[in-house]
Amino acid sequence: MDNGSDVVYLATFEAPHGVQLLIFSLCLPMFILTVVANLLVLATVMACAHLRKPMNIFLCNLMVADVIACASSVPRQLHILLTGDDRVAYTSCVVQMFWVHFFVHSEVLTLAAMSVDRYVAICRPLRYHAIVTARRAVVATLTTNVAVVAAVSVATALVVPLKFARDDQQIQGIYCDSMGISRLSISDTRINDLYGLALTAVFIGVPLCAIGVTYFKIILELKRSSGDFRKKSASTLTTHFLVLAVVFTSLFVTILLPRLVKDFHGPQVRNARCASQFAIFIIPIANVTIYVFRTRELREAMLRCFKQSLPKAHVHTERSSRT
């Protein structure tokens with residue numbers, strides 16, 4: 001088929017329209033809340049100079065990736081739930097695939113950078129400000145994002161020329177990814193598969209190993225530390241660990257579990273696969289919730305900015321009423 005002008009079909013929950021509307025009514029507020037909360041964190045860090053620390057710079061990169069993930073995937077699925085129209089242009093599918101993969105790889109690399117930041121802060125506290133600076137954090141963030149864009153661009157270029165059969169255009173997932181597109185292709189996808197494995201090894205396997213090494217060294221350091229330092233360090237580490245647990249659990253459920261269930265026939269199996277892939281949308285709301293509630297400085301800055309905006313709005317209203 002002519003990929004540039006044809007369509008593919010995304011999966012969604014197989015249920016009566018009333019149930020789909022219920023799912024839509026639950027997902028829409030969560031989507032809006034997630035985007036608004038992440039944008040508020042970004043705005044707060046940018047507005048407050050004292051928050052522009054290396055850890056918060058990495059946090060902002062997480063927020064950007066989270067907003068991209070929501071904006072590129074959730075609206076299309078909400079449209080399907082509301083209208084029942086599961087068609088998506090192949091070009092739009094490829095664009096969605098690009099941003100979904102960018103989100104996953106950027107998220108994992110940023111978490112690895114944050115684990116290194118925690119390692120230096122806990123194991124090399126006297127040299128922390130000399131080793132980890134805001135400028136280096138910005139450079140590291142930009143470098144990782146450029147590397148992810150380059151790597152994902154290659155994966156995107158590999159799927160563009162693929163050919164598909166006219167009688168099989170159903171993506172086995174609620175969003176487009178390279179695996180889902182490759183499964184539909186009647187072309188030779190061995191290069192795509194090998195590149196996908198290499199991408200997973202470099203951008204997920206290596207960062208995961210780095211995270212494991214840093215956590216191992218941090219735990220050893222905490223065992224040798226005094227009570228007060230151990231308590232404070234464990235508190236900051238717990239926040240990062242909670243995010244790690246949510247991200248990698250969600251990625252496991254979203255990416256690996258659907259591949260273990262290869263039989264896509266039957267509504268129960270389809271709904272189970274769709275539900276498992278919805279786990280990826282938990283990551284953006286979990287990230288902002290964990291960091292806002294567990295980071296006192298960030299939480300107080302957001303409340304301060306909110307309170308400062310109220311008097312201005314009140315004064316503006318009074319002036320408007322007088323005129």
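This is a predicted model: local features need pLDDT of at least 70, side-chain atom pairs count only at pLDDT 80 or more; totals for chains, interfaces and linings use all residues.
Helix α5 spans residues 134–159 and helix α7 spans residues 190–224. Their axes approach within 10 Å and cross at roughly 165°. Angles over 145 degrees count as roughly antiparallel, and α5 and α7 are therefore roughly antiparallel to each other. The crossing in which α5 passes α7 is left-handed. On the α5 side, the contact is made by Ala 147, Val 148, Ala 151, Val 154, Ala 155, Leu 158 and Val 159. These residues meet Ile 191, Asn 192, Tyr 195, Leu 199 and Phe 203 of α7. The contact of α5 with α7 comprises eleven nonpolar residues and one polar residue, with no charged residues.

Helix α5 also packs against α3, with axes that come within 9 Å and cross at roughly 145°. The crossing of α3 and α5 is right-handed. From α3, the contact involves Tyr 90, Val 94, Met 97, Phe 98, His 101, Phe 102, His 105, Ser 106 and Leu 109. Their partners in α5 are Thr 144, Asn 145, Val 148, Val 149, Val 152, Ser 153, Ala 155, Thr 156 and Val 159. By class, the contact of α3 with α5 contains eleven nonpolar and seven polar residues, and no charged ones. Val 148, Ala 155 and Val 159 of α5 take part in the contact with α7 and also in that with α3.

The largest pocket has a volume of about 820 Å³. It is lined by 23 residues, of which Lys 53, Met 55, Arg 118, Lys 232 and Thr 236 are the closest to its centre. At least two lining residues are supplied by each of α2 (54–83), α3 (90–123), α4 (128–131), α8 (227–260), α10 (282–294) and α11 (296–322). Helix α8 provides the largest share of the lining, with six residues. Ten residues of the lining of the largest pocket are nonpolar, seven are polar and six are charged.

Three cavities of 30 Å³ or more are present in the structure. The second largest cavity has a volume of about 50 Å³, and its lining consists of Ala 69, Ser 73, Val 100, Phe 103, Tyr 175, Ile 280 and Phe 281. Helices α2 and α3 each contribute at least two residues to the lining of this second largest cavity. By class, six residues of this lining are nonpolar, one is polar and none is charged.

How values were computed
Residues are numbered from 1 along each chain as its sequence is written. Side-chain values use heavy atoms; hydrogens and water are left out. Axes are lines fitted to C-alpha atoms, for helices over the stretch in contact, and angles run from 0 to 180 degrees between N-to-C directions. Helices (H or I, at least four residues) and strands (E, at least two) are DSSP runs, numbered from the N terminus. Angles under 35 degrees count as roughly parallel, over 145 as roughly antiparallel, 65 to 115 as roughly perpendicular and the rest as oblique. A crossing is left-handed if the near helix is turned anticlockwise from the far one by less than a right angle, and right-handed if clockwise. Contact means heavy atoms within 4.5 Å. Ala, Val, Leu, Ile, Met, Phe, Trp, Tyr, Cys and Pro count as nonpolar, Asp, Glu, Lys and Arg as charged, and the others, Gly among them, as polar. On a 1 Å grid over the protein atoms alone, a cavity is a set of points where a 1.4 Å probe fits but cannot get out, and a pocket is an open set with protein on both sides within 12 Å along at least five of seven lines; lining residues have an atom within 4 Å of a point. Grid points are joined across faces, edges and corners, and a volume is the space filled by probe spheres set on the points.
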